[in-house]
Number of protein chains: 2
Amino acid sequence: MDTAPPASPFLDEAAALLGPRGLTTDPELVGPWLTDWRGRYSGKACALASPADAAELSALVRLCVDHGVPIVPQGGNSGMSGGATPDASGTALLLSLRRMNAIRAIDGEARRVTCEAGVILQTLHEAAAAHDLRFPLTLGGKGSATVGGLISTNAGGSQVLRHGSMRALVLGLEAVLADGQIFSQLTPLKKDNRGFDLKQLLIGSEGTLGIVTAATLRLLPAVAERVVIWAGVSSLHAARALLLHCEGMEGEALEGFEVMPQASIDAVREHLPTARPPLAGRHPWHVLVEVVSDRSGAETLRERCETMMAAALEADLVENAAMSASDAQAEAFWLIRETVPAAERARGPAVQHDISVPVEAMPAFVETTAPMIEAEFPGTEAIAFGHLGDGNVHYHVIAPSVTDGPGWQARDGKAISRRVHDLVTEWGGSISAEHGIGQLKRDELARLGDPVALHMLRAVKRALDPAGLLNPGKLV
Amino acid sequence: MDTAPPASPFLDEAAALLGPRGLTTDPELVGPWLTDWRGRYSGKACALASPADAAELSALVRLCVDHGVPIVPQGGNSGMSGGATPDASGTALLLSLRRMNAIRAIDGEARRVTCEAGVILQTLHEAAAAHDLRFPLTLGGKGSATVGGLISTNAGGSQVLRHGSMRALVLGLEAVLADGQIFSQLTPLKKDNRGFDLKQLLIGSEGTLGIVTAATLRLLPAVAERVVIWAGVSSLHAARALLLHCEGMEGEALEGFEVMPQASIDAVREHLPTARPPLAGRHPWHVLVEVVSDRSGAETLRERCETMMAAALEADLVENAAMSASDAQAEAFWLIRETVPAAERARGPAVQHDISVPVEAMPAFVETTAPMIEAEFPGTEAIAFGHLGDGNVHYHVIAPSVTDGPGWQARDGKAISRRVHDLVTEWGGSISAEHGIGQLKRDELARLGDPVALHMLRAVKRALDPAGLLNPGKLV
């Protein structure tokens, strides 16, 4: 029996262009990439293309234009919003950037790296470390997330407080545009005022304006000293006061400021019995503060942190606090924070929201809206945790019963999300802080986005991708 | 005799909309704004409009659309590239943003300010200082440059090394678009991934995509301690080695790194006899290093700088060095640097270039190209000075004789500029580092710009200003 897929002039030409390593229609090879890692979205594709370089991709895109074939770019397939999953029609070409995974150059003196889109974040971290440098962005999916995906979604993480999101770390960019042209600005210029910043336009565009093929990224000196502080505080307002105190005393050494409610700590203890919370007592909110220094001064970072926390205790900003005494202990503190999402999921079905409001409004936002949600949807529990320093919390609403299933998600879950997004918008916030829009939030963006901004987004999209072949159905 | 200008339906409607304070055709009032401050460009306008707020401007832009009237936005009229001067046709409306000059709010805790486009930089500095904060961007024209103009041109200055150009300091933006819609994103969100960054698109677009009406800007704690170092070095390569040394030892405390050749110091002494260069001896190149700290640690900044410079002397990175002992002395050091442009101009006619190349390539670029220019254009002298830390030098080519006049500028000057721009492009640099394109470099951008980038610039321009009414003849 002939199991070859139905041929098409497009697939024939693409196969001739890319060769056997570059194109496949084998369901076993394509299948795993047709569903997002959280299993929320599934689609079909006419083939999986894996070009070897930007020139090949450029020719492939021209072929797609000729045949009217939509393109869905994909990096590590670890996005949170279904931005890399094709639709169900099967007309789209799934485009993997994973084969383009060379780290082209690391310049230790200029502190930068030029790498291709398919380089995995963890690999980038290791390459930087080998030069006594670091790339100051990390997140849970670092073992699969690729540089191209991180740029296309303007990924965040827990170090945004000090170093900004991906947008702030991209010094140069190479991308293939919707007509196959190669946009090449990999050489970083610290000052360049030749018109508006096209690089910034491509960052965070989720593959709808161009396909990122390579980037030059900023590196920093490796961390020389690091202290992680765990503090118990009486409220989110107190956490915000502690944030201002730490910013005032340590300024740019402050690299992370994460908050968790006591309920999340309880969930972590249940989920990971070996985890040992640094503070024995119970506190309404727990704060994890990361302070780092890239060089040791006369006064060590530890001494400065001790001074800082003594002042915080003196000023009644915290109920109690502990400080990591070693790197292993610092990791143990972080492990608790990093276990919160899994521990929360283990408590039962929940709808999750990646939202932001102005940093100073976050305590009042959570204190005001969590009881509202719990009252409007009886039996639910609203939990917020995450990056207080960025005004970005992960806002979970847990179902009334662990037995609530997909039916609850589809009915109540959807209603809850709409309500949360309404509230965020009322508070001047964003319905997507760091996970992007993808297909998950496209309708909500159309419903709640500023009409003027939407008009601009769509005008730019039409201008740069008039045929609408780049990642259709995502973002705009 | 009736001296009233010829009325037009547009002017009648605009006058009714804006009132007498908002619209004038009086040549005495309009005239001063029709020539750029350097006197290089002169134009005509049908009137000068000064709307009171964004709503009035929005209505005015709709009126311009109805009547097909082009708009030339203008802030302090202190731009370097003729970007705010209308053409000679007299059809354009000159739009002053200077009346919109309110500082709406300063939030000392969140360290940010929301102000209108017409606020003058110096005023912003003073307002920040009153809250024990600072706005970390300054430049020669601070007494006239406005926030709107600084944003529209993505202005730089001498603190870009640490704090970036205007682009990095804008947290929120309000602008009137080409169809009169108001784009309003003044509320800053530290994390917001709702599509590509439209704010970044407007920054540096020189009024061709929208008219900036207000912004929320980042503020920093006031400087607590400041040291200015003056060093004599043997070459630009040595200056670059010193830069790396200072970055390695003081990292984020390093705020400025300016280079000047001995010839520029001589010119300053001639031009400003009271100036006292910090080093008595002659050195091929002089370096000014600014180091600041926003808090005093156990070890003072001065002590750290002494350690840093002792190591630099030990490693033969500098020939000699002096350190400011007081704020007055720090200002005196800076005065010499700031006098260089005027002193260089006083030496005779010259063509000036605001260029950048990758930071690490700058020493070789200057050493290679200056002799080439001087050989190809006999009698000229090529001088470079400025922001070595940003890879951005001001590159002046001085005429063979002080009596060379406008004829030389038009003939040889133009040929020299083309040659310098060719060389910069060959070296992977930018023909506009911080002054923008305006009308001065529009043809050169079209000649030397990357065709793919130009295609994108033009596509976005057409998408957001299809009638081409916003600042026609500038940038794209």
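The exercises below work through the domains and the chain contacts of a predicted model.

**Exercise 1. Find into which domains chain A is divided, and which residues of chain A the UniProt domain annotation covers.**

Solution. Step 1: take the domain bounds. Chain A is split into domain 1 (10-96), domain 2 (103-221), domain 3 (225-344) and domain 4 (348-441).

Step 1: turn to the record. An unreviewed UniProt entry carries the annotation "domain: FAD-binding PCMH-type" for residues 41-222 of chain A.

**Exercise 2. Describe the interface of domain 2 and domain 4 of chain A: how much area is buried, and which residues of domain 2 lose the most?**

Solution. The C-alpha centres of domain 2 of chain A and domain 4 of chain A are 30 Å apart. Each of the two gives 7 residues to the contact.

Step 1: read the area. The size of an interface is often expressed as the accessible area lost when the parts come together. Domain 2 and domain 4 of chain A bury about 500 Å² between them, with 41% of it on carbon and sulfur atoms.

Step 2: find the main contributors. On the side of domain 2 of chain A, the residues that lose the most area to domain 4 are A:G157, A:L161 and A:E206. Together they make up 62% of what that side buries.

Step 3: sort the contacts. Between domain 2 and domain 4 of chain A there are 0 salt bridges, but 4 residue pairs are in polar contact. The touching side of domain 2 of chain A consists of 2 nonpolar, 4 polar and 1 charged residues.

**Exercise 3. Describe the interface of chain A and chain B: how many residues are in contact, and how much area is buried?**

Solution. Step 1: count the residues. Contact involves 80 residues of chain A and 81 residues of chain B.

Step 1: read the area. About 6,300 Å² is buried between chain A and chain B, and carbon and sulfur atoms give 59% of this. A:K191, A:N193 and A:F196 supply 16% of the area that chain A buries against chain B, more than any other three residues.

Step 2: count the polar pairs. Chain A and chain B have 36 residue pairs in polar contact.

Step 3: locate the elements. Among those of chain A that supply at least two residues to the side touching chain B are α8 (198-202) and α9 (236-250). Helix α16(A) gives the most, with 9 residues. By class, this side of chain A has 33 nonpolar, 26 polar and 21 charged residues.

**Exercise 4. How many salt bridges link chain A and chain B, and where do the residues of the pair B:E252 and A:R162 lie?**

Solution. Side chains of opposite charge can pair when their charged atoms come close.

Step 1: take the counts. The whole structure has 50 salt bridges over all chains, and the count between chain A and chain B is 12.

Step 2: examine the pair. The side chains of B:E252 and A:R162 form a salt bridge at 3.2 Å, N to O. B:E252 lies in the loop between α9 (236-250) and β13 (254-261) of chain B, while A:R162 belongs to helix α6 of chain A.

Step 3: look at another bridge. B:R162 and A:E252 also meet through their side chains in a salt bridge, at 3.2 Å, N to O.

Terms used
Residues numbered from 1 in each chain as written. Chains lettered and ligands numbered in written order. Predicted model: local features only at pLDDT ≥ 70, side-chain atom pairs only at ≥ 80, totals over all residues. Heavy atoms only, no water. UniProt positions renumbered as here; feature names shortened; annotations may be inferred. Domains from an automatic or database assignment. Contact = heavy atoms within 4.5 Å. Buried area = accessible area lost by both parts, 1.4 Å probe. Salt bridge = Lys/Arg side-chain N within 4 Å of Asp/Glu carboxyl O. Polar contact = N/O pair within 3.5 Å; in protein donor to acceptor, adjacent residues only side chain to side chain. Nonpolar A, V, L, I, M, F, W, Y, C, P; charged D, E, K, R; others polar. Helix = DSSP H or I, 4+ residues; strand = E, 2+ residues; numbered from the N terminus.
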